[in-house]
Amino acid sequence: MSRQIYNRSIKVDGIDIFYREAGDRKNPSILLLPGFPTSSVMFKNLMTALSDRLHLVAPDFPGFGFSAFPSKDQFEYSFRNISAYINKFTDEINLRSFTIYLHDYGAPVGLRLCVNHPEKIEGIIVQSGNAYEEGVYRIWDETREYWENPTPEKKKKLYAFLSEEGVKWQYTAGVPDELLSTISPELWVHDWDSMKRPGNIDMQYELNCDYKNHMKMYPAFQEYFRVHQPRALVIWGKYDPFFNVEEAFCYKRDLPDAQIHIIDGSHWVLETNFDEVLKLISDFFKER
């Protein structure tokens with residue numbers, strides 16, 4: 001069985017969407033949705049490892065990675081709109097049903113897809129993907145205060161992560177010293193190369209501000225879980241500085257059969273704890 005990854009691009013309503021694909025379409029499919037500040041590159045190792053038994057598709061969101069970065073007068077940079085494009089993307093490549101992988105920004109994109117098209121969803125894999133208030137409790141309070149009462153001083157402080165050093169910090173924050181050597185530096189170099197394009201930082205700022213609309217949809221996401229009961233695997237790094245680890249257990253409220261695993265890592269467990277995550281996902285599909 002081939003483990004080759006294919007790098008492809010397809011137009012979705014006139015926007016070029018880059019995506020990586022591996023594995024036989026006869027096997028169960030996973031739609032892999034990346035988090036900030038990265039793209040499908042975060043899934044390359046996972047795709048190689050699982051392509052002998054699964055079919056894997058990882059798109060870059062518009063404005064990220066190798067997908068097109070249209071101007072704001074051509075494209076609305078909101079999670080609602082990106083989700084709509086990713087749904088159309090699945091139609092364009094004839095991906096009719098799949099397990100959806102939700103990491104970081106992948107959650108506000110992918111959960112909207114779940115709510116609007118539950119017939120496509122066979123299961124969910126959550127890697128630090130936010131759908132409950134407990135995940136952002138206190139951690140995001142300063143950001144929420146800025147959204148309500150923006151000032152230039154607050155913006156400069158809060159959005160320092162939209163910088164070369166800030167992008168690197170996204171990967172290293174909370175990571176125990178003994179695991180730092182597991183994180184590949186080309187990841188933040190690639191991400192910053194994409195972000196430093198003219199106008200991209202402004203787009204990233206606006207998209208981050210749109211996260212408040214994601215938070216307003218928590219009740220809709222939780223209702224989807226209760227009604228449709230997708231098979232669920234929830235993976236969280238216990239040192240994650242961006243989403244409280246307590247959120248992982250919240251999924252059990254609405255998905256009592258969900259598998260919850262807290263890993264000795266931070267936000268990027270696919271880098272720092274790859275073998276453990278690979279086994280969890282492999283076992284999840286064996287039990288399917």
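The model is predicted: local features need pLDDT of at least 70, side-chain atom pairs count only at pLDDT 80 or more, and totals for chains, interfaces and linings use all residues. Residues are numbered from 1 along each chain as its sequence is written, and side-chain values use heavy atoms, leaving out hydrogens and water.

Start with the sheet. Eight strands make an open, mixed sheet, in the order E1-E2-E4-E3-E5-E6-E7-E8. Strands (E, at least two residues) and helices (H or I, at least four) are DSSP runs, numbered from the N terminus. Two strands pair if DSSP finds at least two bridges between them. E1 (5-12) and E8 (259-263) are the edge strands, each pairing on one side only.

Now look at one pair inside the sheet. E3 (residues 29-33) and E5 (residues 98-103) run parallel, joined by four bridges. Leu 31 has Ile 100 in E5 as its bridge partner.

Next come the helices. H3 lies across E3, E5 and E6 (121-127), at about 150° to E5. Axes are lines fitted to C-alpha atoms, for helices over the stretch in contact; angles run from 0 to 180 degrees between N-to-C directions. H14 (residues 274-286) also packs on the sheet, touching E3, E5, E6, E7 (231-237) and E8. Contact means heavy atoms within 4.5 Å.

Finally, turn to H2 (residues 79-92) and H3 (residues 106-116). Their axes come within 8 Å and cross at roughly 60°. That makes H2 oblique to H3. Angles under 35 degrees count as roughly parallel, over 145 as roughly antiparallel, 65 to 115 as roughly perpendicular and the rest as oblique. Among the meeting residues are Phe 79 and Ile 82 in H2, and Val 109 and Leu 113 in H3.
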